[in-house]
Amino acid sequence: MLQISQFRLPIDHTDDDLKKSVCKALETRPDRLGRIKIKQRAVDARKKNEVLFCYTLLVEVPEEERVLRRVGKPGRIEKAPDERYLELDRLTSEAASDTAPKPKIVVVGTGPCGLFCGLLLARQGYKPILLERGKAAGPRARDVTGFWRRGWAFDPNSNVQFGEGGAGTFSDGKLYTQIRDRENRIPWILKELAKAGAPEDILVKSRPHVGTDRLIKVVRTIREEIISLGGDVRFETRVTDVVLENGVMRAVKTDSGEIIEAERFVFAVGHSSRDTFEALHKSGIPFEAKPFSVGVRIEHPQDLLDHSQFGKSAGDPKLGAAAYKFVAHAPTGRAAYSFCMCPGGLVVAANSEPDMVVTNGMSSYARAESNANSGFMVDVRPEDFAAKNVLGGIDFQRSLERRAFEVGGRNYHAPAQLLGDFMRGKTSTGPGKVKPSYEPGVFWTDLREVLPDFVCDTLKEAVPMIEKGLKGFTLDDAVMTGVETRSSSPVRIPRDSETCECVGVKHFYPAGEGAGYAGGIISAAVDGMRVAEKIIAGIQG
């Protein structure tokens, strides 16, 4: 097939319009045109009064080489690339000829990294044991919503951060990433997600998302396949320690006192497993401090952003809720940027420890809530940490989260401030036209009572810079809710670039976001697959 890229059409175009335009681009007749498949569709809103769909198309035509010689242009009209996940074919072929007994593999964590690592291992004939400190997706969702809305006690092992599906289960469910993917793992992941119950449009949209309401079914389906292939998934099983002998990991210890021995161990614990990091560090596992970001969630009316981004096309159901992305380099020498932007979403409580307040954003698949929200973040560096050790970032995060809990009233209400008041240095006393969506509730205050001066100064300097590209951002009644501290892991566990084994510890594979090798659902899933590939290749020799 041929691939046509950067193919733009009005958002109200018909199928006939699409076909006629393809014929024109290829300089061919309709009867010489075969199947047309949409590979990807993006929204081009650079001209607010002429919003377009931008397609990448796959087209069947006879005599492809002749057509390419006539109209081919690199990056525009060319032969469709091979997007098969070739590494899977190689592993499957080698596994079919390998009759040796499969070694025991433990995977700690059932976020996207752990699930896709476990799925790939299970499909290659291994019987991985997946250990998850939290609950299965259904019971976990009940615990989370009970804490948010019904006054249930906070559960440190069943919350937005911990449980089946990982932190991404309670998010917008974004399925796009900027990582390189020469091995074509991402198309394979998207197809597996769609097969597991995600909307089919994730295979086409340039910025696909699932939504929390759909993700719960998806992760359950993947878990059920792992079990059907002989794997074992154990919930409410927290790893508390590891057993090392002569630089080799031999076993993990759980909170029930069980010791689980195995030949390989994958730790895909996510960015909030602070007690696990501390236990590993105490056992001698090497760590490095790394930068991350902190800030607030900022909420605007979704219809304001729709008009800002889409102009007269705002509200067209084919476009859906508008999103945005920004980076502002402030005079403070730091950057402020948007993070995990959630169109038509909610701001949610995302703490993983008691007596702390953490915010995050979440959207359902429909993105139908009245507000849009995004992380409004500032970069933090290891030199900013009071504790000058490799786990100093964790102490820094905790100090902000504990302060937010105290300022909010010690009842899990989050400190909040109107953007206009923040810019004028004034304490807020209540909402304006934008109703904050955070549950259990907010406490109106001055966010300088919670965040470091360098964070507040950078946010303030960034606001007028952002307004230049995103009209309406400076809305006085926009709500800032704090604190957001979980943009990424504050640590990295060093590993060998070829084998993915931890440096200095054999048979131990740190993986995903918590280990510092991913940021988001797709990149975490990719890293889980990469680690599984390396383990299998090492075993097969």
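Trainee: What should I know before I look at the residues?
Mentor: Residues are numbered from 1 along each chain as its sequence is written, and side-chain values use heavy atoms, with hydrogens and water left out. This is a predicted model, in which local features need pLDDT of at least 70 and side-chain atom pairs count only at pLDDT 80 or more, while totals for chains, interfaces and linings use all residues.

Trainee: Which residues touch the most other members in the largest nonpolar core?
Mentor: They are Leu193 and Phe376, in a core of 110 residues. A nonpolar core is a set of buried Ala, Val, Leu, Ile, Met, Phe, Trp, Tyr and Cys residues joined through side-chain atoms within 4.5 Å. Buried means under 20% relative accessible area, exposed over 50%, and partly exposed in between, with a 1.4 Å probe and protein chains only.

Trainee: Which helix gives the largest share of this core?
Mentor: Helix H13 (residues 521-540) does, with ten residues. Helices (H or I, at least four residues) and strands (E, at least two) are DSSP runs, numbered from the N terminus. A second, separate core has 26 residues, including Leu26 and Ala322.

Trainee: Changing topic, in what order do the strands of the open sheet run?
Mentor: The order is S8-S9-S10, with antiparallel pairing; two strands pair if DSSP finds at least two bridges between them. Strands S8 (239-245) and S10 (259-261) are the edges, each pairing on one side only. S8 and strand S9 (residues 248-254) pair over six bridges, and Val239 stands opposite Thr254 in S9.

Trainee: And which residues of H10 are buried?
Mentor: Among them are Ile394, Phe396, Arg398, Glu401 and Phe405. Just after H10, Gly409 takes a positive phi of about 110°.

Trainee: How many aromatic pairs are there?
Mentor: The structure holds 18. Rings of Phe, Tyr and Trp (its six-membered ring) pair if their centres lie within 6.5 Å; planes under 30 degrees apart count as stacked, over 60 as edge-to-face and the rest as tilted.

Trainee: Why is the pair of Phe267 and Phe508 edge-to-face?
Mentor: The ring centres are 5.2 Å apart and the planes lie at 85°, so the pair is edge-to-face. Because Phe267 is in strand S11 (residues 264-267) and Phe508 in strand S23 (residues 508-510), the pair ties together parts that are 241 residues apart in sequence.

Trainee: Is Phe508 buried or exposed?
Mentor: Phe508 counts as buried, at 0% relative accessibility, and Phe267 counts as buried at 3%.
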